[in-house]
Amino acid sequence: MAVLTIRDALNEALREEILRDENVFVMGEEVAEYDGAYKVTRGLWKEFGDKRVVDTPITELGFAAVGVGAAMAGLRPVIEFMTWNFSILASDQIINHAAKMLYMSGGQFKVPIVFRGPNGSAFQVSSQHSQALEAFYANFPGLKVVMPSTAADAKGLLKSSIRDDNPVIFLEQERMYGLKGEVPEGDDFIIPLGLADIKREGTDCTIVARSMTVPLALQAAEKIQAEFDVSVEVVDPRTIKPLDIDTIVGSVQKTNRLVIAEESHEFASVGAEITYQVMDRAFDHLDAPIKRVSTAETPMPYAKNLEAAALPSVEKIIAAVKDVCYL
Amino acid sequence: MAEKFLMPKLSPTMEEGQISRWVINEGDDFSAGDTLAEVDTDKATMEMTALTGGTLLKVIKPAGSTAALGETIAITGKKGEDITALLAEASSNGSEKKAPAEPKEPAPVAAAAVASTAEVSAPVATSTSKAGNGRVIVSPIAARMAADNGVDLRAVIGSGPNGRIIKRDIEAALAGGGSSGSGRVAFTPSTVVGASAYNDEPTSQMRRVIASRLAESIGPVPTFYLTTEIEMDNALDLRRAINASVPDEQKISVNDIIVKVAALSLVKHPYVNASYQGDKIRFYEQPDIGIAVAIDEGLITPVVRGANLKGFVEIGAEIRDLAAKARSKKLLPEEYTGATFSISNLGMFGIKEFTAIINPPEAGILAVGNAVPTAVVREGAVVVRNIMNVTMSCDHRVIDGATGAKFLQTFKQMLEQPAMMLV
Amino acid sequence: MPKTATSTKKVSAKAGLNGSAAKTTQSVKANGSSADDGSYFDLELAKAEYAARRDSQLRSIKTIDKKLLREMLYQMVLGRRFEEKCAEVYRMGKIGGFCHLYIGQEAIAIGSMMALEPSDMVITAYRDHVQAMVKGLSPESVLAELYGKEGGCVKGKGGSMHMFSQEHQFYGGHGIVGGQIGVGTGLGYAAKYKATGQVVLCFFGEAAVNQGIFHESLNMAQLWKLPVIYICENNHYGMGTSQERAMSIRNIAKKAESYGMANEFVDGMDVMAVREATLRAIDRARNESMPTLLEVRAYRYMGHSMSDPGNYRTRDEIARYQERDPILLFKDTLKAAKVLSDKEFDKIEQEAAAAVERAVEFAENSPYPSESELLTDVLV
């Protein structure tokens, strides 16, 4: 197995899928000549040229729409948002058009498109560049929502997303592009959408984490193990929609305690949804109220200490685990 | 198989009951339907009957002791069965009630493994697992484990926040055969207040309910009082005339007349035969009059229903029957609940005039004094008449001054001119 | 180099409705009374232009297959009668939701779409019943959709605003003003990417021109040389707000100049003028892979939707437009060119009426969709 950064794993996935299927093309701001604002598309334009790797004007609504139309007519666009914050400009096309086309055409027009880019906070980029939008997009039927947390997941899930016949919201994390991990080699490595992954096995408490909070949860688990001899299981749903609730419920049935760590704001978050579903499916297995660690209900501040205070952290996750374990 | 016999719910408002006596003794056999004990609830003494047959193996709650709904009061089963385990549960159950929390800090539990039963011993808990309303607080998994393993949650002290019983408490209970009771000392408060000694007697169920009902009344119910004098001579003549014509056991009292007159008046004044219920006013179609009956431990108000349609003799017989039941505490719940108006008559105690406290959700109560021969002026001459004072307490949320006054006017008119009852 | 309409050469520069489109932007007068201000007062100019091109039109029409001309008139009459029936059954409560009728605008759909190849793509906004039928969807499947029945073209899941047909390359009726301009641009992107030779007709109303997506789309289409024909159906009112009250520069065709895009102004009451302008745009799209913006001025007789009280315009205004009713004008032309007779017209009316009746019968008898359809087609 090769050891790759998440950035390079995504790049490999794009390259392999462009080679595999002539209908796949990558479109977005700075994806071609500039090699990608975060270098995820590095080298692709030089290798494949203007047809397959397309720089756009700064016109998010416009190029999202071009992607939707192209997908309706049989192509498989991968639309990069420089960050998901800018997707809000394009959300009319994503929500009103991509998500609904199959349904309102009575099943006639599928929209096999991937919207991807970095989601959530970065490094002190403040209010308009730090939003985690998974709950927003997951609320709309007709979209799949994917959030990888490792290099292998990034590659395997992006390849699956490109091959999927539905619109897929693929949410990366800028802070994580440089994280390295082992990635299975070969063009055939894919990870099916809708499957959670148990990132660490444990018996006493479950943490459901995604994207940036997965490494935080793993660190928290190690510390709790060392300090309290409490064994924490970390479940990464990887796909937010469709959600692999069975794996989460299975874990909670084993541990009887659940902490959800997430980067989005607390109110009406994906964590709130998981909380409901676990309550619905595993109420009789809970030994404590479910706890969430989410981002504070505030636009993201700039100052380093305030930003840290707003975001989930290892310490906050440990505190929540102690709470549900009555420690 | 031996089973715990639990305190049943015997009245609509009952939360706990006092065993007034065991009808059968330990070791006695019983069949389904047999009365095992009499239980003093908040309103009456009820017979507690067996649903299946068996033998009374052990009495846990002897006569005079109190048990909450669902608490074990006895163990039943077949003769010779081993009931040690059930007894252990039941005894911890008892000691839990008697022993208040120990006022010391909890032992540190930080080092205890969550799933380890060995280190998490139950007595570290400082709080009982019951919320203020008596509800057991328990996590879902703990509740399920308790149910699966036959652990009585009342016997478990919760170590979670607010005394929540959590998984490890059940694990401890299962491992250690009970998580409470051992080594706990009953708390004896200092009772010296000044020089005087006193005796504490447990508050009876009935006294507790009276206290809470009356406090509830004087608190939220804005009450005002209307008093009127009624010349009772004609009503007394009526009573004499009737009693002269009926056998002894059918003789009627002044009170029987008052009840009927009140019922007739209520029908004419719907705002008095009503109840304020927050978002609505409930008007009753039938006057159901609660008659306050003094008994040794307090009072109870059996209900005479639809007295407007009943004759005096019938009303008199009914009241006698209800009062007798009340004094022997055999009233059924449906015989003492659901009145729409009440009458309290203290005339027989020589009380001339008093005010009574409304029994919510009723809107009024009539306090009736005794009829006293009084010198009054009639047509310019001083004559003697039997004057009775009545005071009505009115819930101002339903009854306004004039409404109440008109009701009393009708009531007075009918008593002074009994022929008006026929109008 | 963008072209402007050739037909304008035959009228004087002053009277030319699109004359200023060929000039520079400075020619727009601020007071809004100029010939190119898009207001209802250019009716007289439209008449003058029409009169000026009539002779050549009568000559050229004789070179066109009579069957096609008859079919064009039939589709216009069918569209009219169909929409009238919609209004009737809507008032009977047979149709729910919104219902936007096309009456008065038939020349645009028929003139442009009947110049297409069947494989070409069409996408439009929510006033889509007639476009759907011209593209090949049966009146039965369109009316059943309006009824919310299983036999509807999208199984009762879309309703009035969302007619679709993959078979007929009809990419839908869309309900968000302007949204389909971007999607249509993407259709053109795919056609070019796959080199299929298809062109895209992308319809929208004049009010959509004020949306950002219009400008974003025209920019990309010209930048990337996409075979898309943008047809702005200018019926003068964005819902109840007149163009004058909503648009700073009312010459819509001219807005294409900002992106260097070919554009034409077209008389939307004259089906042959629409056809000719579209043919020029199709040629540009198919052979040069270049987009065009057509501003087609028509008039919507009915309200914006069935729930429109219409108090923003007068009966007189509507009546003056109805003098130039597209069906009347086309019949007049066909008769003058001796292509079709009154007898033929009557036959066409009967055929259209019969088709509408068949549609009603089908829609009435089609069952409601099974409740099991609720959760299908959410994801593939």
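Leaving aside neighbours within four places in sequence, which residues is Ala235(B) in contact with?

1. Ala235(B) is in contact (heavy atoms within 4.5 Å) with Ile257(B), Leu415(B) and Pro418(B), its neighbours within four places in sequence being left aside.

2. This is a predicted model, in which local features need pLDDT of at least 70, side-chain atom pairs count only at pLDDT 80 or more, and totals for chains, interfaces and linings use all residues. Residues are numbered from 1 along each chain as its sequence is written, chains are lettered from A and ligands numbered from 1 in the order in which they are written, and side-chain values use heavy atoms, with hydrogens and water left out.

3. Ala235(B) lies in helix H5 (residues 233-245) of chain B; helices (H or I, at least four residues) and strands (E, at least two) are DSSP runs, numbered from the N terminus. Its relative accessible area is 3%, so Ala235(B) is buried (under 20% relative accessible area; exposed is over 50%, partly exposed in between; 1.4 Å probe, protein chains only).

4. In chain A, five of the five residues of strand E4 (residues 76-80) are buried, so the strand is largely enclosed by the rest of the structure. Arg76(A), Val78(A) and Glu80(A) cover one side, Pro77(A) and Ile79(A) the other.

5. E4(A) pairs (at least two DSSP bridges) in the parallel sense with strand E2 (residues 24-28) of chain A over five bridges. In this pairing Val24(A) stands opposite Arg76(A).

6. E4(A) also pairs in the parallel sense with strand E5 (residues 114-118) of chain A, over three bridges. Here Ile79(A) stands opposite Phe115(A).
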